[in-house]
Structures are given as structure tokens and as C-alpha cells.
Amino acid sequence: MSVEPHIHAENDPTPHRHPLRPDHDDRLTHHKAMEIALRELLIEKGVFTAADVRRQVEDMDSRTPAQGARVVAKAWSDPAFKKLLLTDGGEACVAAGLERGPYKLIVVENTPDTHNVIVCTLCSCYPRWLLGLPPDWYKSRAYRSRLVREPRAVLREFGTEVPDHVAVRVHDSTADMRYLVLPLRPAGTEGWDEQRLAALVTRDAMIGVSAPRAP
Amino acid sequence: MPADKAVEARFRTGDQVTVRESYPLGHVRTPFYARGKVGFIERLCGFYPNPEERAYGRSGLPKEPLYRVRFRQSDLWPNYAGAVGDTVDIEIYQHWLEART
């Protein structure tokens, strides 16, 4: 397509053309076609309705890292809850008024000697009921292949320098478990209530690629 | 086969195991980088239908023990550049594990 030359003179009121660019979403890939075909067949067969699909998407979109942050802040404030969270993550979710989740939850605790970080090298397993949808980088081939191979270099790219005397423990979520990192409670938060603490807990801190916000 | 029947767990926390060095086709959830490597059982996670069977519409029963196996990074990668204490924990089904001899 040819574009007529045009001038952007200051305060030039003359209408003019900009080059048309192709949309990024206009390619019907194999998997997109398969998804549409399967969804339409299931709707046609009455297995579910289009409204069910939309509700499910809405439900998924309504989950955010705020759920996970609530769990972490509660664990920082309540030693009995922390103990439960580390031994039975699902039970702890229920005790915190959240859903148990469709998978078994393993919570791994950061200590002065150990830094935990989560990856799924095979796909993108993620505790969605606590953190919402995973970020794009979590699903990228680069993160998935590099985190198990050179975790300290990857963490450095997130601005997280783990000293050599602290062990980096990578958790590859390959099967039926889902993982959440319990970060170290930031210094200077003595006496804070759960709500205030939860505001410091970021998604990235619960994946383990960074520390929580500083108070 | 009743759904609650499970294969008996052969390993306990702390046991040293070797991941089978096998490369079958199909929906396999044991990562390539762990095949043939030595680690130890961090915990038994529970009993789950075998995903390698379920992926093809079969039941995956009897349920299989699933473990978290901890590997030293230096055992996974010969030229690992991080600290000696660094590890990777991987979930692995029992039929992929052999007692280390």
C-alpha cells in the first residue's frame, strides 16, 4: 500500500493519511481455530452456554495477587496460621476465608539462609486462585529454561541480588502441586496490622523473583 | 480398578534416587534436564493418576506416588556457576525413579 506524502506542520488543520498497519491479532493460528471449533461444538451440544464461558473468564480475571498477599500478611502476623500454611496450604487458604484451590498448595518459606523461586519448565503452572493469571514472562521460554539453569543471573535481571551464603532453591512445578513463596517480612514493620502488611506483598515476591516492597 | 487404589510408595524422605534415563514419546512430565540425575526425596506429595496415561483419555489408575525430588544444581549442570548450596526441587512420579545403588 502506498502512502501519500504528508506534512505535519505545526497547527496544520489539513486532514491527511497515516499508513495502515496490520492488526496484531489477525492471524488464525491452528490452536485458535481448534479453540473456537471446540467451544462452538460444546455450546451447540448444550454442554455449556456462551454466557458460562464469559462468566468463567470474568471469574478468572477477578483473581488477583491480593488473595496471595492476604495469606502472606496473615502468616507474618499469626504464628499458628504460618505453621498451618507451611504444612497444609489448602487448609490455610480455607482458614483465611479463601478458596482451597483445585491443586495442592505447597508454601515455601524464605529464611536468612534460603531464597525460594518458582517456575514451571514444562508449561505455566501457577497458583491462579491466589495470584490470578501468570505474567507473560512467567510463561516465556527464556524464563522457563533459564531459571533452572542460571537462577542467580535471572534474579539479578529482576534486580534481586542473592548473596552467595544464601542458597537459591528453585521449585519446578512439573505436576500436581502449586507453589507460593512466603517472603521474609520486611524490617521496620513491627506492629503493623495485616492490611498494612499485605500492601507490601507483591506478585513477584510471591513467585520469588523479588523481595516485598520496603516499608 | 477402584479410584482409591494406589501403587505403594517405595521411597521415603531422604532416600537417594536416580531418575530413569529414558526418552519415551508422549505426554511426559519428567523434564529432560533431570533424566539420569541423582537427587533425594524431599517429600511424598501424595498419590495421583498418571498424567502420561490421562493425556490419552485413559484413567491413569492406579494412582501413583508423586514425590518432590531435590537435586544439587552442580549435579544437574556440570558447569553451574552459582553457590554450592543451590538446589532444584522437581515433582516426579515413582515410575521414573530408581533407588540409587
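Select A:Ala95 to start: it counts as partly exposed because it has 16 C-beta neighbours inside 10 Å (20 or more would be buried, 12 or fewer exposed, in between partly exposed, with C-beta atoms placed from the backbone). A:Ala95 sits in helix α5, residues 89-95 of chain A (helices are DSSP runs of H or I, at least four residues, and strands are runs of E, at least two, numbered from the N terminus).

Before moving on, a note on the model: it is predicted, so local features need pLDDT of at least 70 and side-chain atom pairs pLDDT 80 or more, while totals for chains, interfaces and linings use all residues. Residues are numbered from 1 along each chain as its sequence is written, and chains are lettered from A and ligands numbered from 1 in the order written.

Now show A:Phe81 and A:Leu84: A:Ala95 touches both, leaving out residues up to four places away in sequence (contact means backbone-placed C-beta atoms within 7 Å).

Next, colour chain B by secondary structure. Its two helices and five strands follow the order β-β-α-β-α-β-β. Of its 101 residues, 27% count as buried.

Where do the chains meet? Select the 19 residues of chain B that are in contact with 19 residues of chain A. On that side of chain B, β4(B) gives the largest share, five residues.

Finally, zoom in on β4(B) and strand β3 of chain A (residues 167-172): they run parallel, joined by four bridges (strands pair if DSSP finds at least two bridges between them). Pick A:Asp172, and its bridge partner in β4(B) is B:Ile90.

Notes. Contact = placed C-beta atoms within 7 Å.
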